Amino acid sequence: AKAETVGEAARRIVASNQALVRALGTSSWDEIAAAARQQGEASVDLLNNVKGCAATSPDPKVRAEVLAATKASSETSMKFLEAAKQYRAENPDSHAGLTKCFDEMNEKLQTMIVAARKLPEGEDLDLNEDNLAKLAE
């Protein structure tokens with residue numbers, strides 16, 4: 001696994017979570033199911049890629065930091081999916097809970113990306129594809 005695969009999986013998680021929030025707003029069960037499946041697949045890819053990538057670092061502290069940040073990110077993903085299951089459009093509290101979990105999950109993913117930048121070839125990792133395009137120029 002390479003560091004760029006970690007970034008790709010993280011960006012897929014963000015995209016699928018955004019799709020899930022949109023689908024919840026329209027109550028489209030097919031879209032909700034598809035977005036939740038995509039989020040799950042991207043999460044599995046992230047975990048597998050982080051494990052493989054972390055093993056390439058000669059520094060045990062970096063490996064531990066990346067794995068811990070990924071674990072925290074995974075835990076917030078589970079909370080987000082649970083909040084999505086509990087979401088009811090007519091309930092402002094469920095909307096607030098979903099938003100809070102969404103924001104927390106993105107924050108934890110960003111923390112994981114920052115940690116993964118310390119991995120070999122990880123210095124350019126970013127959750128924002130626009131930033132990656134600027135780096136490529």
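A: A salt bridge here is a side-chain nitrogen of Lys or Arg within 4 Å of a carboxyl oxygen of Asp or Glu. In this predicted model, Lys79 and Glu104 meet that criterion, with a distance of 3.8 Å from N to O. Their pairing links distant parts of the chain, since Lys79 belongs to helix H3 and Glu104 to helix H4, 25 residues apart. Lys79 is partly exposed, at a relative accessible area of 47%, and Glu104 also counts as partly exposed, at 25% relative accessibility.

The whole structure contains five salt bridges. Another of them joins Lys118 to Glu65, where the closest N and O atoms are 2.9 Å apart. Lys118 is in the loop between H4 and helix H5 (129-136), whereas Glu65 is in helix H3 (residues 60-86), a separation of 53 residues. Lys118 is partly exposed, with a relative accessible area of 45%, and Glu65 is partly exposed at 34%.

Arg12 and Asp45 form a further salt bridge, with their closest N and O atoms 2.8 Å apart. This pair connects helix H1 with helix H2 (residues 29-54) across 33 residues. Arg12 has a relative accessible area of 38% and is therefore partly exposed; Asp45, at 28%, is likewise partly exposed.

Helix H1 (residues 3-26) also packs against H4: their axes come within 10 Å and cross at roughly 170°, which means that H1 runs roughly antiparallel to H4. The residues of this contact comprise 13 nonpolar, four polar and no charged.

How values were computed
Residues are numbered from 1 along each chain as its sequence is written. This is a predicted model: local features need pLDDT of at least 70, side-chain atom pairs count only at pLDDT 80 or more; totals for chains, interfaces and linings use all residues. Side-chain values use heavy atoms; hydrogens and water are left out. Axes are lines fitted to C-alpha atoms, for helices over the stretch in contact, and angles run from 0 to 180 degrees between N-to-C directions. Helices (H or I, at least four residues) and strands (E, at least two) are DSSP runs, numbered from the N terminus. Angles under 35 degrees count as roughly parallel, over 145 as roughly antiparallel, 65 to 115 as roughly perpendicular and the rest as oblique. Ala, Val, Leu, Ile, Met, Phe, Trp, Tyr, Cys and Pro count as nonpolar, Asp, Glu, Lys and Arg as charged, and the others, Gly among them, as polar. Buried means under 20% relative accessible area, exposed over 50%, partly exposed in between (1.4 Å probe, protein chains only).
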